[in-house]
Amino acid sequence: MSKANTATMHARNIQKVSVRQQIGKAAYLFLTYAFLILMAAIVLFPFYWMLISSLKTLEEYRRSSPTFWPMVIVLRNYVDAFTTANLGRLFINTLIVGGVSTLLSLVITILTAFAFARLEFKGKELLFACLLATMMIPGELFTITNYSTVTTFGWINTYTVLIVPFLVSVFYIYLLRQNFLQIPNELYLAAKVDGTSDFKYLCKVMIPLALPTLVSITILKMMGAWNSYIWPRLVANDEAHRMITNGLRNAFTETTGDVNYPVQMAAVAIVSAPLFLVFVFLRKYIMSGVSRSGIKG
């Protein structure tokens, strides 16, 4: 066999291997994207069903065979949802509780994280370990003792009972402490040599450098207050202090016991919209803040 024929056969073999690799890569990409599209459809379908249900009439919603698009689009459901559930008052209550609790929680988290990250005192590591150990205890176990405490203080059906019990978050303290530990200690020592106080160093240096993590904590805390359900329903379920998640519970149940589901779905869509917008426009800040916290410790 001549050298020319050998070279030709070798080139053909290389070409076949290249074709097989391209086919394999194309098949892998196809299966990957098909799986991702399937998972996305599964996740998004409940939201799609909520939206189309909010635009249906009650008669269409109760049909034995479900429709995947409204036969008649009823935008009036959104107006009825806002007035029936008194969503304006519920939004105000939720914003008051969320705003005040977030602000106070940030102050406590920043001061505590700074103390554990930069200050030196006896028993610091042991105390921090004890705080971390409390993260392994389910929050539901504290419900009875917390309820007994706030009842003794006379806080039932007040804004105080919705704000004070959850001001301290060990997870947020841990998250911010890890971020503070990534700031070089030489900056702190140089500031102390210049006569800078701890509080001034915290405000001028550490807080600006840890701003992405603080933004993440703020967003997560507000979302937690927005989605809170069990505790507000237990301790503050009166009309003046009812949170938005509790307000949707029975607002659309008629005197006959029937529920106007399309109007209820419209209310759920209105309540879900702020959280959806927060996730769409601020998700990079959440991910950035969490990733910057690192694992140093």
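Predicted model: local features only at pLDDT ≥ 70, side-chain atom pairs only at ≥ 80, totals over all residues.
Is Phe 45 buried, partly exposed or exposed? Phe 45 has a relative accessibility of 40%, so it counts as partly exposed.

Now let's look at the rings. Searching the whole structure turns up 13 aromatic pairs. One of them joins Phe 45 and Tyr 48: the ring centres are 6.3 Å apart, and with 40° between the planes the pair is tilted. Where do Phe 45 and Tyr 48 lie? You'll find both in helix 1, which covers residues 3-53, and they are three residues apart, about one turn of the helix. Tyr 48 is at 32% relative accessibility, so this residue is partly exposed too.

For another pair, jump along to Phe 171 and Tyr 172. Their ring centres are 5.8 Å apart and their planes meet at 55°, so this pair is tilted as well. What about exposure here? Phe 171 is partly exposed, at 38% relative accessible area, whereas Tyr 172 has 11% relative accessibility and counts as buried. The cut-off explains that last label, because buried means under 20%.

Back to Phe 45 and Tyr 48 for a moment. Together with Trp 49 and Phe 68, they form one aromatic cluster.

Technical notes: Residues numbered from 1 in each chain as written. Heavy atoms only, no water. Phe/Tyr/Trp six-rings, centres within 6.5 Å; stacked < 30°, edge-to-face > 60°. Helix = DSSP H or I, 4+ residues; strand = E, 2+ residues; numbered from the N terminus. Buried < 20%, exposed > 50% of the residue type's maximum accessible area, 1.4 Å probe, protein only.
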